[in-house]
Amino acid sequence: MQQVRPAWRDGHFRARVVTVKKLSTDMLEVLLMPERSWPTHVAGQHIALTIEINGRLTTRVFTIASGANTRQKEKQIRLVTKVKAQGALTPYLHSCVPNQWVNISAPMGKFIWPKVKKPLLMIAGGSGITPFIAMLDDAVNNAQLHHTQVHLLYFAKPDEHVLLNELSAFSKRCEHFTYDVLTKQKDGDVEAHLCNFANAHWLVCGPHAMFEQVESYAKTINVPVSSEHFAALPVVSNTSLTENETFSLVHNGQSLAIDNQQTLLSQLQQAEQPVTYGCGMGICHQCQCVKKRGVVRDTRTGELSDSAEQLIQLCVSQAVTDLEIQL
Ligand code: FES
């Protein structure tokens with residue numbers, strides 16, 4: 001199958017690399033042409049991108065930085081990402097060549113243009129600008145921006161703002177869209193800029209610390225917030241669990257001693273067990289496996305599973321009892 005349809009993988013879509021371009025010292029733009037069966041995204045959604053690195057499939061999640069209109073017209077989607085020197089995937093994106101096939105997931109996520117009749121305040125930190133570029137791209141083309149007042153606060157380190165020419169073009173095309181290009185060093189924290197927008201619906205995408213600041217300020221003045229942040233959510237503590245208990249994890253006929261503090265994925269990795277995984281944060285489902293018996297806790301919500309056979313995601317599961325899984 002791989003010879004007839006390169007990069008064909010069950011449960012994935014394929015996309016061809018169109019170009020990979022440097023936007024700044026550490027920001028890259030990747031244009032992809034998804035195969036025709038890929039279900040078009042809604043601006044603001046993300047995908048899991050899988051590429052083969054040294055014979056091993058590696059997956060990371062990226063927001064699509066272009067609107068659905070662009071996908072329809074040009075058959076392409078765009079990813080814009082920061083290259084992390086120690087990253088598992090982004091340092092290898094440079095070496096992707098035009099026409100190379102990669103795998104992508106269906107579009108995911110609920111961080112999209114909200115259906116509200118209020119002005120919008122978009123708050124972006126660093127590469128968190130990408131969903132807003134996609135939303136504005138569609139809003140300008142669909143005339144949404146002609147009915148809604150939108151202001152963007154775009155924070156990044158000095159000289160690390162990207163796609164400024166696109167923001168400028170959006171504001172020229174539509175007088176309802178305005179934006180500020182800000183740095184913490186010069187303009188202060190995000191909080192200092194929020195008080196003028198108490199009548200708006202806020203959307204925030206950026207580092208966790210920024211999200212927390214915005215969320216806590218929004219609570220004090222009772223403003224609705226939609227957010228997107230990809231860092232793994234903090235583990236929910238459950239006081240009914242005894243600290244540092246040890247359980248046994250039976251998998252494929254072997255038994256491993258595990259604790260109830262770390263995720264199953266990290267403990268299987270530490271024990272050098274062969275385990276498939278991707279994003280490590282509960283999004284891509286590559287670490288999904290069958291739990292045959294036992295109870296696990298979802299680290300994102302604190303929710304407990306039942307003890308029957310069911311699918312679990314190793315990267316967001318902790319042991320609550322002895323477990324048996326099928327890898
Ligand atoms: S590794 Fe992506 S969901 Fe677990």
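This is a predicted model: local features need pLDDT of at least 70, side-chain atom pairs count only at pLDDT 80 or more; totals for chains, interfaces and linings use all residues.
Local features were kept only at pLDDT of at least 70 and side-chain atom pairs only at pLDDT 80 or more, while totals for chains, interfaces and linings use all residues. Residues are numbered from 1 along each chain as its sequence is written, and side-chain values use heavy atoms, with hydrogens and water left out.

Helix H2 covers residues 130-141; helices here are DSSP runs of H or I with at least four residues, strands are runs of E with at least two, and both are numbered from the N terminus. The expected span of a helix is 1.5 Å times one less than its number of residues. Eleven of the twelve are buried, so H2 is largely enclosed by the rest of the structure. Buried means under 20% relative accessible area, exposed over 50%, and partly exposed in between (1.4 Å probe, protein chains only).

Nine salt bridges turn up in the whole structure, each one a side-chain nitrogen of Lys or Arg within 4 Å of a carboxyl oxygen of Asp or Glu. One of them joins Glu29 to Arg78, with the closest N and O atoms 3.3 Å apart. This pair links strand S2 to strand S5, 49 residues apart. Glu29 is buried at 8%, and Arg78 is buried at 9%. Both also belong to a salt-bridge network with Lys21 and Glu166. Out at Lys184, a bridge reaches Asp189 (3.9 Å, N to O); Lys184 counts as exposed at 55%, whereas Asp189 is partly exposed at 33%.
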